[in-house]
Amino acid sequence: MASEREVRARLQRAGQEHLLRFCAELAPGPRAALLAELGALEPEALSEHCRRAAAACAHPPGPPPDLAARLRPLPPECVGSATRCDPEMRRLWEEEGFRQIALNKVAVLLLAGGQGTRLGVTYPKGMYQVGLPSQKTLYQLQAERIQRVEQLAGQRHGTRCTIPWYIMTSEFTLAPTARFFKEHDFFHLDPNNVIMFEQRMLPAVTFDGRAILEQKDKVAMAPDGNGGLYCALSDHQILEDMGRRGVEFVHVYCVDNILVRLADPVFVGFCVLRGADCGAKVVEKADPEEPVGVVCQVDGVPQVVEYSEISPETAQLRRPDGSLLYSLGNICNHFFTRDFLQMVSSKFEPLLKPHVAVKKVPYVDEEGNPVKPIKPNGIKMEKFVFDVFQFAKSFVAFEVSREEEFSPLKNAASAARDNPATTRCALLMQHYRWALQAGAHFLDAYGARLPELPRVWRNTCKAGSSGPHSSWMRTRPGLCSSDSIPELPTLGPEGHGHGYLHRGGAPPITGTEDRNDPRLLGTNEGSLSALQAVGSGREAEVWRPRSEQRPPRRTDGTSSPTRTSAC
């Protein structure tokens, strides 16, 4: 370990010697920890980081003055759609995706380095429960989806296959995530196929370019953004591990999307058959003002332009058919070839431009007193995972249904959107649609068929966005609670899982079921009975809100206890 003198000299070269101002007061242990932390910082890199942070923060906010003239929508030949494609073409994409999975050529990579600060929790987001009847966490939902895709690919091709799960964590999330997986037996996945690694940390910086001391013995550090992936891949030899496993294609996604379809065979197959080295799932923007980045072209190369960088006039532009010209909303759901990731990590990563995030950063004042600021006082520099699109030789975008594939958990319950209630609602309403599509009917306690929810409610639960897709929740309070819509046992990346819990005590009805049907991704064996009424001549009795449950009537006119079953 470097001595205090050596560390002080390095900090002087970086112009950051103030970080040692309390060193003499520290006990031997904390002093050694601080010197070790500071000794790991390269003086030139630290100096440049602080300089760039202050310069970037001083740059006037808003869209660059010349951006509108440089902006173009993606060419039609670079865009595919899961909802507007020919059914036969979709089938071919799906077949190719399953083939690559069965050949053990597909991995998934989870970006899970961020803290749940906005959500209001002190643990990693993946450990959060949004209030589903099953009490499953985001991590468990994702693990079960991986298992189901492996199972279906194996069934189709008569083989056993593995989808390795790479999880990028940070200093804040690695230990609790690893502990959580061990406590839950890795959700029945092989621990050898769950690979966790840590991204780098960067000092938070004041507006005048000074690194912030969070405590007398600790620098305020923050993860380097999800674009820190490319350095982390090199730091931990992840690409070499992928090569040893034969992985050629990687599905990268963020932890907070409760509807994410891991290793989605349709998406993978689309990208592979298009010869893409880089791809992005997108959803159609709900309206011009929706705060989501837009996938488009800048100076002829693909890029994600943040909503704050697009002028209102540009955002409002429309095509002749009335749709938004810049409509492809980025949802941080990407396809990369391993060769592309290797090229970015070894060649292009230094060219990625850091982005400024102005935050409230705890610090110690000149007297050493801890301070929790009430307004933003510092800068955290982040790189974004999608900033590598510009380096792709063949980039494609793939439009998917927002209702089926995107509902992020970002905010606490008090927020108006993207909160636990809206994500729970999105998942349960998705299950409700699947039940109807499978031919199920909802019956009350007397066997009478309940009317279906209006389509405007079923199809417009859009992660709490403004408009009718959120106002319906206010008109029907409790409708999307765990007491009002049942959760299907397990979801899968293809999204049409038909698993359900039967409420009538009758044996499973499975005669019309094709267990290789891709719509069943994520469906547990033996849990299909209530959804298989179609073609069987039988009505399935299914779950109804507890608030409306009444004892069924006996033939003698008396009441019997309500049947119960764990949901």
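User: Which residues does V121 touch, not counting residues up to four places away in sequence?

Analyst: This is a predicted model, in which local features need pLDDT of at least 70 and side-chain atom pairs count only at pLDDT 80 or more, while totals for chains, interfaces and linings use all residues. Residues are numbered from 1 along each chain as its sequence is written, and side-chain values use heavy atoms, with hydrogens and water left out. Taking contact as heavy atoms within 4.5 Å, and setting aside residues up to four places away in sequence, V121 touches G116 and Y128.

User: Is V121 buried or exposed?

Analyst: V121 lies in the loop between β3 (106-111) and α6 (138-157), where helices (H or I, at least four residues) and strands (E, at least two) are DSSP runs numbered from the N terminus. Its C-alpha atom is separated by 8.6 Å from that of A412, 291 residues apart along the chain. Buried means under 20% relative accessible area, exposed over 50% and partly exposed in between, with a 1.4 Å probe and protein chains only. Because its relative accessibility is 15%, V121 counts as buried.

User: Which backbone nitrogen does the side chain of D444 reach?

Analyst: D444 is placed in the loop between α14 (420-437) and α15 (455-458), and its 12% relative accessibility is why it counts as buried. A polar contact is a pair of N or O atoms within 3.5 Å, of which, within protein, one must be able to donate a hydrogen and the other to accept it, and residues adjacent in sequence count only if both atoms are side-chain atoms. At 2.9 Å, the side chain of D444 reaches the backbone nitrogen of Y446.

User: Why is helix α10 largely enclosed by the rest of the structure, and how many of its nine residues are buried?

Analyst: At the start of α10, a side-chain oxygen of D264 comes to within 3.1 Å of the backbone nitrogen of V266, and just after α10, G275 takes a positive phi of about 70°. The buried residues of α10 include P265, F267, F270 and C271. The helix, residues 265-273, is largely enclosed because the number of its nine residues that are buried is eight.

User: What distance separates the C-alpha atoms of Q303 and Q390?

Analyst: Q303 is in strand β13 (residues 301-305) and, at 28% relative accessibility, counts as partly exposed. Leaving aside its neighbours within four places in sequence, Q303 is in contact with V294, V295, C296, V298 and F389. Although Q303 and Q390 are 87 residues apart along the chain, their C-alpha atoms are separated by 6.0 Å.

User: Which helix supplies the largest share of the lining of the second largest pocket?

Analyst: On a 1 Å grid over the protein atoms alone, where a 1.4 Å probe fits, a pocket is an open set of points with protein on both sides within 12 Å along at least five of seven lines, and lining residues have an atom within 4 Å of a point. About 670 Å³ of space lies in this pocket, and of its 26 lining residues the closest to its centre are A45, H49, R200, M201 and L202. At least two lining residues each come from α2 (28-39), α3 (43-58), β6 (201-203) and β18 (378-382). The largest share, five residues, comes from α3.

User: What percentage of the residues of the protein chain count as buried?

Analyst: The protein chain has 16 helices and 19 strands. Among its contacts with a separation of 6 or more, 76% are between residues 24 or more positions apart. Of the 567 residues of the chain, the share that count as buried is 54%.

Definitions and conventions: Points joined across faces, edges and corners; volume = space filled by probe spheres on them.
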